Amino acid sequence: MDFGSKYVYKYEHSSDESISDDEDDRMIVQPPAAPSLALTSDSKEAGAAAAAISHAKRKKRLRKADTNVLNVKFNQLLQPGEMHAGDPVYCADCHAIASHLSKVRTEENQDATWQCEFCSKSNTVDIEQTDLPKKEDATYLISPAPVVHGSDMTGVDDSIVIFVVDISGSMSSTTTVPGTFRLPNAAQLQDRAAANFDGERMVRDRHQTYVSRLQGVQMAVDANLDKLAKDTPTRRAALLTFNHEITYYGDGTRAEPLVIRGDKLNSADDLTREAEQEQNNELKPVSETKTNLTQRVYDLEEGGQTALGPAVLFALNIASKRQGSKIVICTDGLANRGLGSLETAQDEKIDQEVKMQALSEGNQFYAGLTERAREKGVSISVITIKGTACLLPVVGQMADGTSGNVTIVDLLNIRDEFASILEQKIIATNVEATLIVHRGLYIRNPDNPDDKLETVKREIGNVTKQTEVTFEFGIRSKQELKDKWNMDLDELKQLPFQVQVVYTAVDGSKALRVLTQLKETTENREVAEVNAYRGVIAQNHIRNTAAEMMVDYDDDEDEGDASRVRSKWSKPIMQKQRMNYMSNLNRMKHAHKEYEARDDFNENRWDKASSELQSHVASSRSRKMAAKPAGTTSLFSRMSRLITGQGSSTSEAAAASPPPPSPALALAAQGGKAKRSYGFATTNLVHYNDKNSEDLYRFKNLTSEYMREASPPRNEDRRSGASDSEGERKDPRRPKSEK
């Protein structure tokens with residue numbers, strides 16, 4: 001666990017709000033001229049509307065920023081913890097687990113008891129003091145690894161990497177690349193180009209080469225197959241292509257590939273059945289199959305539509321055979337064939353209501369694939385080609401929800417992007433993290449700041465060594481502690497925190513990792529801030545803002561009420577407040593040089609990331625406001641109808657009774673209904689293009705380590721003149737600050 005400061009800031013009024021005096025962010029609503037209201041059945045509604053108008057004139061209310069942030073890094077799962085014999089001992093009230101901080105009391109002729117450090121509950125226990133963990137980090141084995149492949153038990157990596165390659169017609173588009181070089185399959189492609197373009201051959205001169213999108217992908221797959229064979233020869237590699245049909249080559253050693261086409265592309269059952277039959281064909285190590293697989297890669301030809309959804313569903317069933325497997329998708333176009341087709345959602349000639357329903361069904365389909373991948377411990381990465389449109393806000397959720405990568409690349413760096421993805425191995429699956437805090441504290445609920453939670457569980461899914469999760473916490477009021485638990489806040493000089501992580505290791509064993517720490521407190525804000533770890537605070541701000549921008553909210557809501565229901569991270573005024581807070585922390589650190597180096601904060605990266613994020617916040621707000629008249633109902637018009645007694649508009653009536661789903665998209669429901677969306681809310685999708693969504697996905701997964709001076713640079717840092725060394729590698733999970 002890493003904290004936003006060396007000390008817990010014990011500020012009794014940590015839940016208080018500050019008042020905004022920013023004229024640009026006030027919400028002033030002038031009521032329409034209205035007739036006098038008689039005492040009718042509508043009077044109550046009209047009165048509520050008038051109250052809402054009056055309340056909307058108030059300034060916005062924002063919670064004050066502080067250092068009370070907690071960050072959990074899952075790379076610790078790579079380090080062996082103290083394996084504790086026996087079962088964990090839980091508190092009967094708050095479910096904290098007895099730790100190295102616990103004291104077991106024994107009295108003659110009486111049962112042993114343990115008074116919980118978190119809630120003070122006295123628990124009867126059947127253990128002795130010597131049975132408790134000796135360190136703050138303890139591991140409990142829930143279930144051993146199943147008896148499966150021997151290589152799993154010896155620590156050898158035999159996970160599967162499936163390259164899912166788009167070979168639709170648009171992949172034949174070419175890009176000029178500086179310099180001249182001979183492509184591995186140049187002669188074959190030039191002959192094909194000559195036939196397609198009336199005998200004219202592809203142009204090449206002394207200074208540039210024309211490279212098709214497919215050629216770029218072929219070279220990237222080739223290079224990374226070679227790297228896999230050298231670095232991890234026991235891993236399995238497979239190839240799956242898609243256009244108007246899907247073609248599965250397996251590891252390249254089979255005589256004929258499996259081709260699935262026609263109505264089967266619209267049936268999840270048929271695709272699953274075909275994949276299950278293929279699971280009987282064991283994939284060989286990549287060291288044995290690289291030559292054959294490379295030949296299959298270079299034999300690919302472009303043409304046809306884009307059956308992305310069926311291809312991912314089939315690949316997921318194959319990859320599910322091994323936990324920790326990866327699916328790497330490379331596409332340049334919109335899914336428009338079979339399950340998960342998004343063509344209707346992008347058709348400008350179709351009614352808006354039909355488009356939104358198609359978008360919702362497509363979002364649901366890819367959310368279902370994401371959920372299944374999380375359950376099976378499979379990571380999905382999505383690579384798209386610069387200058388194309390793939391509806392990345394929808395398909396990108398497969399990567400965002402499975403610890404994969406969402407990346408837009410050009411042909412010059414696609415090979416490196418593939419390599420970076422393959423290096424990020426899944427270290428645990430089905431991960432759940434539960435935070436428990438002392439009764440004197442509460443955990444903030446980002447969806448409802450009025451909630452004061454004692455325990456929060458997060459379903460993380462797959463984790464890599466870069467995966468992190470953050471929490472915000474606050475201090476309960478003295479009066480609340482006294483009334484509820486007869487507790488004196490002034491006496492709390494140290495406070496305990498506990499994170500319980502349940503996970504499945506790559507060998508299939510299931511374990512519980514328990515981290516318990518005791519933190520000192522201070523009532524002095526300056527002491528907490530001088531000892532702040534700015535990387536943790538900055539990361540929390542950026543991640544929460546990006547996540548909030550993906551969810552749906554109505555800019556025309558009554559701000560006085562809405563600000564108490566949602567955290568509003570993505571509001572411009574919240575951005576301004578948090579950026580000012582970071583600036584104050586920076587000035588304070590500079591004024592106290594003895595503390596500045598302790599958190600090793602990279603202010604240059606913070607300035608770039610926060611500025612770019614602020615730009616996204618402002619532009620997305622503008623896009624949403626511009627779309628209001630055409631697509632949604634404003635607060636002004638809602639209250640106007642209440643006051644005047646008018647009914648719903650025609651468009652609202654249509655929304656209440658949406659049209660039936662299109663036949664093609666209705667079939668997507670066969671994949672099963674997902675519990676939730678893992679990326680953008682459906683009503684938010686129309687406001688973001690591929691580039692916007694790529695940046696937000698990256699911001700949402702930014703690591704605190706990146707905010708440190710010593711962390712590896714990105715290519716963008718070097719181009720902007722940063723002093724990081726040229727030899728360090730780009731981390732694809734970090735947001736781009738320049739393009």
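Where is the place of Asp 690? Asp 690 is in helix H22 (residues 690–700); helices are DSSP runs of H or I, at least four residues, numbered from the N terminus. This is a predicted model: local features need pLDDT of at least 70, side-chain atom pairs count only at pLDDT 80 or more, and totals for chains, interfaces and linings use all residues. Residues are numbered from 1 along each chain as its sequence is written, and side-chain values use heavy atoms, with hydrogens and water left out.

**Asp 690**
- Asp 690 is buried (under 20% relative accessible area, 1.4 Å probe, protein chains only).
- Asp 690 has no salt bridge (a side-chain nitrogen of Lys or Arg within 4 Å of a carboxyl oxygen of Asp or Glu).
- The nearest side chain of opposite charge is Arg 213, 11 Å away.
- The Asp 690 side chain reaches the backbone nitrogen of Cys 390 at 2.7 Å.
- A polar atom of that side chain also lies 2.8 Å from the backbone nitrogen of Leu 392.
- Residues touched by Asp 690 include Thr 388, Ala 389 and Ile 408 (contact means heavy atoms within 4.5 Å).

**Helix H6**
- H6 covers residues 286–298.
- Its 13 residues should span 18 Å at 1.5 Å a residue, and the end C-alpha atoms are 17 Å apart, which agrees (expected span: 1.5 Å times one less than the number of residues).
- Buried residues in H6 include Leu 293, Val 297 and Tyr 298.

**Glu 274**
- Glu 274 is found in helix H5 (residues 268–278).
- Glu 274 counts as buried because its relative accessibility is 15%.
- Ile 260 is 14 residues away in sequence and 8.6 Å away in space, C-alpha to C-alpha.
- Glu 274 is in contact with residues including Ile 260, Lys 264 and Phe 314.

Definitions and conventions. Helices (H or I, at least four residues) and strands (E, at least two) are DSSP runs, numbered from the N terminus. Buried means under 20% relative accessible area, exposed over 50%, partly exposed in between (1.4 Å probe, protein chains only). Lys and Arg count as positive and Asp and Glu as negative; His and the chain ends are not counted. A polar contact is a pair of N or O atoms within 3.5 Å; within protein, one must be able to donate a hydrogen and the other to accept it, and residues adjacent in sequence count only if both atoms are side-chain atoms. Lists of a residue's contacts leave out its neighbours within four places in sequence.
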